[in-house]
Structures are given as C-alpha cells and as structure tokens.
Amino acid sequence: MSAATPIIAATNARPNANERQWLLSQPSSDTLSPDTRVPMSREFAGVTMHHAPSARTLSVSDTHLMWGACTVALKLVYSATPHLDSHCGLTVRHLSPPHATRKPVSTDATFILANSGDRDALHALIADTFFAPTKPVLFVVNPFGGLKLATKIYDTVVEPMMRLSGIPFTSIESLHKGHAEEMLMNTDVHKYSAIVAVSGDGVFHEVCNALMSRRDWRSARKIPIGTIGAGSSNAMNQNLGHKFVEYGVLSIIKGTTKPMDLISVSLHESKKVVYSHLNMAFAYLADLDIESDRFRWMGREKVTFSALLRLLNLRKYRANVGIAAIDGPAPLPVPQSDLDDTAKLDPVQTDLSDMRQCYGPKRHYETIPLNNLQTFPIQLTAANDPLSFFSASNLPWIASDFQASHIASMDCGFMDVTYGGKEMRRLSILSSFISGSLPADGSRFGVERVKARGFRIEPFGWSWSLENWNGGAAGEEREKSRLFKTPGGHVAVSGEPFGMETVTVELHEKTVNVFTAM
C-alpha cells in the first residue's frame, strides 16, 4: 500500500470541474506554488531525508509540510511514526490528493531531524491534526454484503491505516441481517469513541437505528458514526465525499465530522419506528430498490436492468397522501436543552402496541389526522391520484451512481419529496436512470417536487389502471377490494424493505454526527 518516495513535489496543476466533487477542500489548498507565502507554525533546521544526506529546513504551517520545493497538505497525512533505524527519524505517510478517477496512492517520507526533541516536536505537530480518542473506534464489518469485499477492505486498507495512525480501534463482524443493530442495541456503545460500518448502506442504516432506538438515544447520538463503502451500492460514501475507501479512513483518522438530519418512519400497523439516513420510497422506486436485490450478481448494473424491467410493467398504486410542506405551519420545536441532556432517558416502553412510547426524538405528525389540512396542506387521494412514483430524499445520492435530489444535503432541514402518477413519462424516467440523475425540474418527467418536513401515506394496493374511481364511498370500497397487495407494495427505508402499511415520516434536524470529507 505504501511506496518509499519523497514528499510530493509542489505543482500549480488544478483539477478539472469533474474532479472537484472529490476534493477534501478547495483545489488550491492541496498544492502550493514555490512563491506561495504560508504562515509557519515551526521550522526545523538541519533536517535530512532518509538516504539523502544534504541538510535543509523543514517548515510546518497550519496546513502544510514544506521541504525545499516539495510540499504536502497535512490533511492528507495519516501517520507519523518513529523510524527504526534512527532515534531522530520520523516517517510520515500521506495519501495523494483526491482525483475523480485515480485510486489514491500512499507515500512515505522519512525525515532525520537534528535531535530527538525536534523529532518529538514534529510528531506532536502532526498528531495534533488527528482524531485523539481515549476509547477505541468500533468497526462493524459485514463480510456477506454486496460483493463480499468488506473483510478484504478492512484487512488491506482500514486496519493498516488505523494501526499506523496510532488511534485505538477494534472490530466485530455482522453475521446476518439485523445483527449489527441487535449488537449495538444490547451493548454499552459509550465505551467506543466512534462507530463505523464497513459495508454497503445496510449496516450504516442499522447503526443509525440502533443509536436512535435506545432509551439513552440523547447521549448515543453524540457518538460519531461513519461508513466505509464495501457494498454493491455505496450511496453514503458518495454523499460523504469518499469515492475511495482510503479517504473514508482518512476522515476517521482526522476526526472530521458534520451534523446530519435523520428521517423517522412510523409504521402504524407494525407499531414501530425506524430511522432513515438516506431516503424513504414507495411505488416504483421502492419496488425497484427492493426487487433489484435478486440481481446482485450484476453489480451496479442491477439498478438499470431493474428500472427497465419495472417500467415495462409499471404498477399504479392507490393511496391517500398528506404532505407537510416546508413553507406550511411549522410544529413546535423540541427544546435544544432536551436534545442535549445526555443524562436524560426516555420512559421505559411498557406497551409495545403504543407507538408513541417508541424511543427517539419527538414525532409531531404521528398522531395528527391525515385530513388535517393545516398540517398536511398537500393532499393526494386514492380515488383521483394514482401514484407510480414517490420518493423522499434526505441526501442527494441514493446509490453511488444515482442522484435523486439536487437540493437535499446532510443538514438542510427538509426532505426533497418527488411524486407523480398519471403524467409520469416512462422514457424520461428510464433515461434518468441511465444518466444517473433525476432532473432538478420534475416537469421534465411528469412529476411534482416539494420541500417537506413530513408526510403520511395510507396505501391500499396497486392495479394497472390510471382511471379515476367513481361511485362515491361504495365505489371506492369496491375498487379497493380489487387491488393487489403482492407482489410489490413495498415501503423502502434507506433501501431496507418493509410491508405496505400506513407510514408517517418526519425529518429531525442535525440528529447525528457523521465522518465526512474535510
């Protein structure tokens, strides 16, 4: 993984526009031209490189190491360890600057300083840029997910980089679906400084749910969480700016986190609440997400193939829907003091059939009637508004190669809700999946888009018909009895399947802290 070469040379090269999305910060901060003036934190005189006897000055700024005409951004440095052959030597390891298509290269450079005091001072300056927990980072490795690469990625990339960084860490394996959530629900998560999934999006979904479904969720949510993409569809790594595994590990070593909104999904018949970090989908997108799993062997092409297959046999769902738009009446905010009271515990859940007792942040919309127009001003009816498409995105990317939203972000405070039926254009939808992005203008494929705080879906089933229902209440009941419930009828929460039942969905702002690119 490492190559014994000097620190990268300074260059004026700038990445093109397609590369910028992968940068950990602005392009200009990764490289310095020889005449760039940077405030120095410390200068070390009489420094030689290993196998290079001439002495020079090594300068350390708040952002860079500089050696003659060479420079490296400190944000790319993940290790500084004493050199075995010299009591004054320090070996510094760093990743190459991010690039849109090139896998990062790890480079090391050994400096021989004038004395051990200088070596220790340089080591301390670099160590100050690292995450410095006293408790270990927990990696939850899923050896069975996606293309079954998680164990290999952990052994060859994650473990070596973490070991060299000096940050304490440990790992456990997730042995079956739901296992990670079970383990984290029944262990003292506070003995870890952070929890990171090495998997696809499924185990990260379990980590979020485990932390938010505990009595002590207020303190558990403070534990930084992250993900190292090792699945067939690593949407979170795309949203976090980690196209390559190495940069995901680097963000943990550097301890760079950002707050992220979560979505609560109240399942009214199941009497439970689950949490979504990514999106909640119904109708076409949910069917596609869940049913594409049988084509996992196709890798990332499974989505495009399933999209075409499902469009050729497009189900029309009937549901009553109410949407609380962002510009409508806002619910009373939960006092920040309640969220930040880490010693506070939710009351013990004594009645499993009472969804209101489920642990987690207050859910405002759960008990409000669907026909309350003040709360849910946007109304769709089963009789007149057949649905073929419904998606609520909390983040832009719902797969590593598919962008569902152009306006959602980690802490934007709303969901990007997209819905449509009669006017939906199949060929436009298919072209969107082929191109890897839903257009920002929903009218291009016959759907509506709205920024929402929450919504409720009361589904009844599906048919092949787009016709309005007639005959009043009796006619509606007759038509409902003719609807299909299976196959299909999925509700998908961050890609995880749930049955067709009434759901109330609500966004909770800045609920967790996630390791992300700098």
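**Figure 1. Surroundings of Y284 in the predicted model.** Apart from residues up to four places away in sequence, Y284 touches A307, R310, L311, L314, S388, F389, I429 and F433; contact means heavy atoms within 4.5 Å. This is a predicted model, in which local features need pLDDT of at least 70 and side-chain atom pairs count only at pLDDT 80 or more, while totals for chains, interfaces and linings use all residues. Residues are numbered from 1 along each chain as its sequence is written, and side-chain values use heavy atoms, with hydrogens and water left out.

**Figure 2. The nonpolar cores.** A nonpolar core is a set of buried Ala, Val, Leu, Ile, Met, Phe, Trp, Tyr and Cys residues joined through side-chain atoms within 4.5 Å. Buried means under 20% relative accessible area, exposed over 50%, and partly exposed in between, with a 1.4 Å probe and protein chains only. The largest nonpolar core has 58 residues, and I195, I225, M260, Y284 and F433 have the most contacts inside it. Helix α5, residues 201-212, gives the most to this core, with 7 residues. Helices (H or I, at least four residues) and strands (E, at least two) are DSSP runs, numbered from the N terminus. A second, separate core of 50 residues includes M49, V137, V158 and V245. In soluble globular proteins, nonpolar side chains tend to be buried together.

**Figure 3. The largest pocket.** The volume of the largest pocket is about 740 Å³. Its lining has 37 residues, of which G202, D293, R296, G495 and E496 are the closest to the centre. Two or more lining residues come from each of α5, β15 (279-283), α9 (284-291), α10 (301-312), β19 (397-399) and β24 (496-498). By type, the lining of the largest pocket divides into 14 nonpolar, 15 polar and 8 charged residues. Ala, Val, Leu, Ile, Met, Phe, Trp, Tyr, Cys and Pro count as nonpolar, Asp, Glu, Lys and Arg as charged, and the others, Gly among them, as polar. On a 1 Å grid over the protein atoms alone, a pocket is an open set of points with protein on both sides within 12 Å along at least five of seven lines, whereas a cavity is a set of points where a 1.4 Å probe fits but cannot get out; lining residues have an atom within 4 Å of a point. Grid points are joined across faces, edges and corners, and a volume is the space filled by probe spheres set on the points.

**Figure 4. The largest cavity.** The structure holds 2 cavities of 30 Å³ or more, and the largest cavity contains about 50 Å³ of space. D287, L288, E291, S292, R294, F295, S306, L309 and R310 line the largest cavity. Helices α9 and α10 are the elements that give two or more residues to this lining. The lining residues of the largest cavity comprise 3 nonpolar, 2 polar and 4 charged.

**Figure 5. Helix α8.** In helix α8 (residues 245-254), 10 of the 10 residues are buried, so the helix is largely enclosed by the rest of the structure. Among these buried residues are V245, E246, Y247 and K254.

Figure 6. D118 is found in helix α2, residues 116-127, and is buried, with a relative accessible area of 15%. Leaving aside neighbours within four places in sequence, D118 is in contact with R42, F44 and L113. A150 is found in helix α3, residues 150-165, and counts as buried at 0% relative accessibility. With neighbours within four places in sequence again left aside, A150 is in contact with V141, N142, P143, V198 and A230.

Figure 7. The peptide bond from T486 to P487 is cis, with omega near -10°; P487 is in the loop between α13 (472-481) and β23 (491-493). A283, in strand β15, has a positive phi near 65° and is not a glycine. A283 is buried, with a relative accessible area of 0%. K510, in strand β25 (residues 503-515), is not a glycine but has a positive phi of about 45°. K510 is partly exposed, with a relative accessible area of 46%.
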